[in-house]
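I'd like to go through the strands and then the charged pairs.

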Amino acid sequence: MLFRSEAAGDAGPTFHGCSAARLVDARAPSASRAVTFGSGPNPFSYSPNCLRVTQGQSVTFMGAFSVHPLAPGVQGNPSASPADNPIPATTTGSQVEVTFPRAGVFPFFCTVHGAGGMTGVVRVEAP
């Protein structure tokens, strides 16, 4: 269930509505790779919720995990996530840094508010 080749003009299936066109490109060395949640005008969403990084880069998730528990996988079907999803289930603290050692598409969601759309994806590309 990974994205197919964009060069072929077919982004293939998506997780959590994160089509290739919606991915925020954070591959540049100076790019921000922080996903925040729990504040601002929409506290029940991730910002950004669709992120593109390069293999070996890290993404920092920041917010109150006690209110918005982070889980790897697809909302409504967590087992649809790749078995090697490096995003950890997190229920405490306010920050977790995740390094993505391999290419792939790694969905995540809030276990409390995921059904309401608090979902996201990190797409990791080979260098």
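So, M62 sits opposite Q95 in strand 7. Strand 5, residues 58-62, runs antiparallel to strand 7, with 5 bridges joining the two. Before I go on: this is a predicted model, so local features need pLDDT of at least 70 and side-chain atom pairs count only at pLDDT 80 or more, while totals for chains, interfaces and linings use all residues. Residues are numbered from 1 along each chain as its sequence is written, and side-chain values use heavy atoms, with hydrogens and water left out.

On terms, strands are DSSP runs of E, at least two residues, numbered from the N terminus, and two of them pair if DSSP finds at least two bridges between them.

Inside it, strand 4 (residues 50-54) and strand 9 (residues 119-125) run parallel, joined by 5 bridges. L51, for instance, has V122 in strand 9 as its bridge partner.

Now T54, which is in strand 4. Buried or exposed? T54 is buried, at 16% relative accessibility; the cut-offs are under 20% for buried, over 50% for exposed, and partly exposed in between, with a 1.4 Å probe on protein chains only. Beyond four places in sequence, T54 contacts R27, V124, E125, A126 and P127, where contact means heavy atoms within 4.5 Å.

Two of those names come back in the charges. The whole structure has 5 salt bridges, meaning a Lys or Arg side-chain nitrogen within 4 Å of an Asp or Glu carboxyl oxygen. E125 and R27 make one, at 2.8 Å, N to O. That pair links distant parts of the chain, 98 residues apart: E125 is in strand 9, and R27 in the loop between strand 1 and strand 2 (34-37). E125 is buried at 16%, while R27 is partly exposed at 31%.

E125 also meets R123 at 3.3 Å, N to O, and both are buried. Zoom out and you get a salt-bridge network linking D25, R27, R52, R123 and E125.

Key
Helices (H or I, at least four residues) and strands (E, at least two) are DSSP runs, numbered from the N terminus.
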